[in-house]
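Have the model open as you read, and take the points in any order.

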Amino acid sequence: MESTNYIYRNPNASVEDRIKDLLSRMTLAEKIGQMTQIERTVATPSALRDFAIGSVLSAGGSAPFHQAVSLDWAEMIDRFQHSALQSRLGIPIIYGSDAVHGNNNVYGATIFPHNVGLGATRDADLVRRIGTATALEVRASGVHYAFAPCVAVTRDPRWGRCYESYSEDTETVRKMTSLVEGLQGKPAEGCPKSYPFVAGRNNVIACAKHFVGDGGTDKGLNEGNTITSYDDLERIHMAPYLDCIAQGVSTVMASYSSWNGRPLHADRFLLTEVLKNKLGFKGFVISDWEGIDRLTRPRGSNYRFCISAAVNAGIDMVMVPLRYDLFIKELLFLVESGEIPMARIDDAVERILRVKFVAGVFEHPFSDRSLLDVVGCKLHRDLAREAVRKSLVLLRNGKDPMKPFLPLDRKAKKILVAGSHGDDLGYQCGGWTMSWDGMSGRITIGTTVLDAIKETVGDETEVIYEEYPSTDTLNDRDISFAIVVIGESPYAEFTGDDSKLIIPFDGNDIIKAVASKIPTLVIIISGRPLVLEPTTMENVEALIAAWLPGSEGSGITDVIFGDYDFTGRLPVTWFRTIEQLPVHAENNLQDSLFPFGFGLTHDKEKSHE
């Protein structure tokens, strides 16, 4: 590593002076290394040292080993950092992870509700506090960089990522960008506008994604085509990015999707002319995972073209993430042959270094072990529990509205809990939890709905759990009421695209069987509205949309047993039939099952928006 007397090593020098100094010392190969983000499984010590790699990431669920805790992650990332600091100029890496609802790759971390549930709260301050807590848990694991928030405006529930969107309504999504301030900290008065900001070692580099129009694709197809005018693209889908940039968001991720047939990863107009020039964004633009490979069919077949199109369009850092040696070789060729101008490389590297200097990784490259005690702490779990309470949307309370069914009696003689989601923590958490697309079972530390019910009811109350209740149980006259918890199995991205949106695991049959015999509350655990058949619902006394609540199931019992009232409102329109789609607040002709903004309280209807 070279001299410590250089300006770039001086924490008291201005960020721009440090960038200028370091850039002047870098070879082309080192600059290209900084533009390269690789997956941890290929991050050998020699790759990090000899190629001066800029960033390492974990794919969804890519952990040091099964049930690795925060300390294990911190030790792994510190080893990577040690190798990076052996490079000629000693430029530290930033380590990235999809911490999209808490530090969700790490065993024992607090898992917050997914964004759709947070959108139902309409509570920007709550979301900011979740950002602050998430940043602490992320930094405890050694990670510097969270790929969040997703500020998609979802227009079609058939999209497999709708649970990553706060709402179908642009203004609601704009409110929820407060997560950026939580993750990165609040820029002080007089901070330069549109300039990246990270407050300190308890904060992380944030990433507004996926620029732009990811939630507006035709028929909700993941990575599809958003067909709309520029004015509507700006008004509906781009607006939240203005709020993120105003809060100093450090990075923006390009979308896999296309706008009117033009892939975002190669759209110079949107990435450079609009995002960087018009909106003044000074941080760096990162590709999505193998996002540039998707610019040719078969994927990555003409890799040189993919690299040229993406980098010239304005991608600064490429999430390669595996074949980095080929990426580096081809990018080197493209620059030396003049196909990519040196000025474009320098601009990309300036932006990457700006974020690294702002984030303080040169001064504090290694993890802070003093943060380990905050991971999954009571304060954070209580915050997640508050978020669950506020996210619940009461859709029905009593077949006869004059006779409310909720709140339930915690001293009832006998309670039946049924359904596929009554005692499944993995289902409660959804995708992007311990793996890319989620799992079933006790995947981390947390409280299922059944756990929470057992903790809440009186000592004399008997709680029976049968996923598929037997005939004998259904005919048991001592059962006061049933709580049926059903919903979707976890999914992520394209695995969640669904053109039918029917409740899986025979959910409709379980509801009918139970509700025809026993007064029943139905709780739906899902990332989006699902088809609710009139015949299924006719005997149901009460119905709650609980979204994907995460690890703290007690937030549900807090409300259904009456300690708190319902305050959540639908962040998306609950359609009546698939044939209506796409249906949202702007085009809905009042023929939805429940309109955008709908939500009841225990004793009366809440006025919806």
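Buried here means under 20% relative accessible area, exposed over 50%, and partly exposed in between (1.4 Å probe, protein chains only). This is a predicted model, in which local features need pLDDT of at least 70, side-chain atom pairs count only at pLDDT 80 or more, and totals for chains, interfaces and linings use all residues. Residues are numbered from 1 along each chain as its sequence is written, and side-chain values use heavy atoms, with hydrogens and water left out.

1. Start with W432, in the loop between α15 and α16; helices (H or I, at least four residues) and strands (E, at least two) are DSSP runs numbered from the N terminus. W432 has a positive phi near 50 degrees, though not a glycine, and is buried at 4% relative accessible area.

2. T447 sits in the loop between α15 (425-429) and α16 (449-456). T447 is buried too, at 13% relative accessibility. Leaving aside residues up to four places away in sequence, its contacts (heavy atoms within 4.5 Å) include L425, A452 and S551.

3. L501 belongs to the loop between β15 (481-487) and α18 (507-515). Its phi is positive, about 55 degrees, and L501 is not a glycine. Its relative accessibility is 0%, so L501 counts as buried.

4. Now look for two cis peptide bonds. One runs from R297 to P298, with omega near -10 degrees; the other joins V320 and P321, with omega about -15 degrees.

5. Finally, an open sheet of 3 strands has the order β6-β8-β9 and mixed pairing, where pairing takes at least two DSSP bridges between strands. β6 (225-226) and β9 (262-263) are at the edges with a single partner strand each, so one side of each has no neighbour in the sheet.
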